[in-house]
Amino acid sequence: MNVERIGVIGAGTMGAGIAQVAALGGYETRLHDPVPEALETGIGRLRRAMAKGVSKGIWSEHDADEAGSRVGATTSLADLCECDLVIEAAPEDLELKRKLFADLADACGPGAILASNTSSLPITAIAAAVPERRRVVGMHFFNPPALMKLVEVVATADSAPAALDATTEVGLRMGRTPIRAKDSPGFIANRLARPFTLESLRMLGDGVADAATIDRVCRRGGGFRMGPFELIDLIGLDVNLSVARSFYAQGGEPARWRPSPIQEALVDEGRLGRKSGQGFYDYSDPPNPSSAAPSHRLSRQGDSAADELTLDPAKLAEIDPAGPAILPRLVAQIANEAAFALEEEVGSRADMDTAMRLGFNWPRGPLELTELMGSERIVALLEALQAEKGDAYRPAPGLIAAAKS
């Protein structure tokens, strides 16, 4: 399959960003939105992003002008009839996406690839209304698409190899780094990111340390740019909780994916993170003296991430006395999730590490973290936690086998 013309459905932040990288990749691009005002806003957003890239020296004015000339706008799906690939970036509503894909199957030629940018919905379910499901794939970009290099190419049981290969080639030509993922909850990146927040919430609930301490140890000992509670506050506690509930349901309610009651209580209180002014931290400036949360500004003051990740208990204790109890436990659950994902053939080892380094800016991927900590140490810690706290810490069979080898 040869792709030269790309359609993008949805003129929001993601859709406009995908259209931008498509045009910069040399593709004739049509941005679609049924709402004229939204389409106009999306095109304006794209033009401003192009100009900003020129001012920062990311691309030349000539390249931006050429790319801009390749972008068209339409409110009619019929205008996408000549597109070889259509990427849907509509709101995360399954019935809406199913209807869109049914309409696209009618509007586009039988050889057109239909791709969804969904981050949380099953591609197989979205494709249910398409007569030729072999041409339906996932093409999950990360926000903002122009800056984030990762794109997950997601295969259902019906996706044709030729469609997957062509979509991968499109990702490369757009200047992204494509990885292959199986259609399963969260694909690769969002699934492997689950333990970073869920296990941190469990440690908070167990009284291992407070949120600010866990964040500081993750930044300074783990080399993560943001701690887990900073990340939840940035995403929004309500949004993160919704994702956690979706994972839990889609995965058959495994104990390790159970949503946190702490997070549920904070959402009920209206503490939703940065957008509400309070989450795990207080974001008011100056800090609110009556706030139940510590000031984020003061918690970060004078702090910086470590140059190199360490799992040495003595070095972690220098950061905080609770450090040796925090980072190894977090890494063990990250390694465990990666082991379960490998057994389910969600993706390759290399793609899993690439996903987390590029998609979430982790200092190392989960398999690299597994190697650093060692399977034997990981399994010993997980088994001790399982004996004390239950099935959320059941080690993956692959990890147990690696520890015995």
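A residue is called buried under 20% relative accessible area, exposed over 50% and partly exposed in between (1.4 Å probe, protein chains only). The structure is a predicted model, in which local features need pLDDT of at least 70 and side-chain atom pairs count only at pLDDT 80 or more, whereas totals for chains, interfaces and linings use all residues. Residues are numbered from 1 along each chain as its sequence is written, and side-chain values use heavy atoms, with hydrogens and water left out.

Salt bridges were defined by a side-chain nitrogen of Lys or Arg within 4 Å of a carboxyl oxygen of Asp or Glu. The whole structure contains 25 of these contacts. One of them joins Glu199 to Arg329, with an N to O distance of 2.5 Å. Glu199 belongs to helix H8 (residues 194-206) and Arg329 to helix H15 (residues 323-343), so the contact ties together parts 130 residues apart in sequence. Helices (H or I, at least four residues) and strands (E, at least two) are DSSP runs numbered from the N terminus. Glu199 is buried because its relative accessible area is 0%, and Arg329 is buried as well, at 6%. Through shared partners, salt bridges connect Glu199, Arg202, Asp206, Arg329, Glu388 and Lys389 in one network.

A salt bridge is also formed by Lys97 and Glu88, at 2.2 Å from N to O. The relative accessible area of Lys97 is 0%, so this residue counts as buried; Glu88 is likewise buried, at 0%. Between Glu4 and Arg173 the N to O distance is 3.5 Å. Glu4 is partly exposed because its relative accessible area is 32%, and Arg173 is partly exposed at 33%.

Aromatic pairs were assigned to rings of Phe, Tyr and Trp (its six-membered ring) with centres within 6.5 Å; planes under 30 degrees apart count as stacked, over 60 as edge-to-face and the rest as tilted. The structure holds 7 such pairs. Phe247 and Trp257 make an edge-to-face pair, with 5.4 Å between the centres and 85 degrees between the planes. Phe247 is in helix H11 (residues 237-250), while Trp257, 10 residues apart from it, is in the loop between H11 and helix H12 (261-269). Both residues of this pair, Phe247 and Trp257, are buried. Elsewhere, ring pairs connect Phe196, Phe224 and Trp362 in a cluster.

Most residues other than glycine have a negative phi, and most peptide bonds are trans. Pro144 lies in the loop between strand S6 (136-141) and strand S7 (150-155). A cis bond is also present between Asp285 and Pro286, where omega is about 5 degrees; Pro286 is in the loop between H12 and helix H13 (296-300).

Phe187, not a glycine, has a positive phi of about 55 degrees. The residue is placed in the loop between strand S8 (177-182) and helix H7 (189-192). With a relative accessible area of 2%, Phe187 is buried. Glu253 also has a positive phi, near 60 degrees, and is located in the loop between H11 and H12. Its relative accessible area is 51%, so Glu253 counts as exposed.
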